[in-house]
Amino acid sequence: MRFLRIVSTGLATLSISLVLCYLFIPYNRTLAETTNNPQRFLQQGIVNLQQNNYEGAIADFTQAIQDRENTAIAYSNRCLAYLQIDDYAAAIADCSQAISVNSQNVESHLNRGLAYFRTGNYQAAIADYDTMLQLVPNDLRGFYNRGLAQLGQGKFQNAIADYNKALSLRQSASQLDSLSEISADIYTDRGIAKFMLVDARAAISDFNDAIALDDRNARAFFNRGCAYHRQQFFTKAIADFTLSLLLDPHNPDAYMGRAIAQHKQGRDREAVQDLQVAASEFLAKGEDNASQHALDLLHQLQQKTTFT
């Protein structure tokens with residue numbers, strides 16, 4: 001998961017993180033059942049992907065690439081394995097190789113788009129999703145992933161349009177695993193786009209829909225808490241930040257948001273505790289500046305300075 005930070009309105013600088021969800025990227029399961037070695041390497045690589053043995057999968061796909069009939073599939077799947085270990089340069093290189101062998105390889109455009117997205121190259125990601133959607137015009141994944149890239153570019157209306165299309169295609173995507181969770185993620189991310197357009201009420205409606213589909217969606221609770229905070233519904237914000245932390249106890253931004261809402265209600269003792277935890281969690285994630293910001297707010301609170 002990645003963070004898109006915004007700054008809340010007010011005199012001080014509360015950073016609210018709106019979390020972008022993971023992108024759904026299936027591997028290619030259609031393989032001929034033969035007994036020659038390259039085919040077996042390809043099949044074993046798929047098994048290793050299923051078992052989260054990514055280094056093993058990479059080794060198997062490296063061997064499978066030698067089979068000319070399955071070169072594009074092997075490169076595409078090795079690209080996916082590299083994505084799982086966050087080696088985005090290698091993933092881009094492999095998906096590009098797969099596309100050079102077979103420009104119609106849908107999964108390679110999808111996976112390379114994700115690699116570009118995760119490196120912040122949103123325009124290149126959008127280009128891959130555009131190509132993918134030319135090949136398969138009704139693929140939910142292409143619209144949803146392109147929506148995330150549009151959001152990354154700050155094109156919130158375009159993102160909403162893509163999320164709308166993705167939601168309209170849910171029935172045709174019923175073969176996908178965990179469709180309810182994926183739908184909940186789409187509602188959550190559409191809510192984020194609406195929140196960025198300063199439409200907190202519409203954002204809350206989307207977060208409500210996400211929670212109705214998946215009541216263990218920590219992101220939806222967190223972001224709904226942000227929207228309630230913007231509307232100054234601090235009791236509701238605190239409740240949502242608390243629920244989010246029950247599901248994801250290491251989200252420093254949820255501690256930050258709850259601390260601010262608690263301070264607004266005069267609950268400074270609880271706010272101090274949350275700011276201390278936030279500073280520690282940020283530090284554990286290597287976010288030194290954010291950790292220092294939490295400590296600065298803690299100092300302001302200890303000095304009886306009002307912040308928002």
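Reply: Aspartate 199 sits in the loop between α9 (179-196) and α10 (200-213); helices (H or I, at least four residues) and strands (E, at least two) are DSSP runs, numbered from the N terminus. This is a predicted model, where local features need pLDDT of at least 70 and side-chain atom pairs count only at pLDDT 80 or more, while totals for chains, interfaces and linings use all residues. Residues are numbered from 1 along each chain as its sequence is written, and side-chain values use heavy atoms, with hydrogens and water left out.

Me: Why is aspartate 199 called partly exposed?

Reply: Its relative accessible area is 36%. Buried means under 20%, exposed over 50%, and partly exposed in between (1.4 Å probe, protein chains only), so aspartate 199 with 36% is partly exposed.

Me: And what makes cysteine 226 buried?

Reply: Cysteine 226 has a relative accessible area of 1%, so it counts as buried. Buried residues make up 55% of the 308 residues in the chain.

Me: How do you know that cysteine 79 and cysteine 95 are joined by a disulfide?

Reply: Their sulfur atoms are 2.2 Å apart, and a disulfide is a pair of cysteine sulfur atoms within 2.5 Å, so this pair qualifies. The structure holds one disulfide. With -95 degrees about the S-S bond, the link is left-handed.

Me: What does the link of cysteine 79 and cysteine 95 tie together?

Reply: Cysteine 79 belongs to helix α3 (residues 71-84) and cysteine 95 to helix α4 (residues 88-101), so the link ties together parts that are 16 residues apart in sequence. Both cysteine 79 and cysteine 95 are buried.

Me: Why is α5 called roughly antiparallel to α6?

Reply: The axes of α5 (residues 106-118) and α6 (residues 122-135) come within 8 Å and cross at roughly 165 degrees. Axes are lines fitted to C-alpha atoms, for helices over the stretch in contact, with angles running from 0 to 180 degrees between N-to-C directions. Angles under 35 degrees count as roughly parallel, over 145 as roughly antiparallel, 65 to 115 as roughly perpendicular and the rest as oblique. That makes α5 roughly antiparallel to α6.

Me: Which residues of α5 and α6 make the contact?

Reply: With contact meaning heavy atoms within 4.5 Å, they include Leu110, Leu114 and Phe117 of α5 and Ala125, Tyr129 and Met132 of α6.
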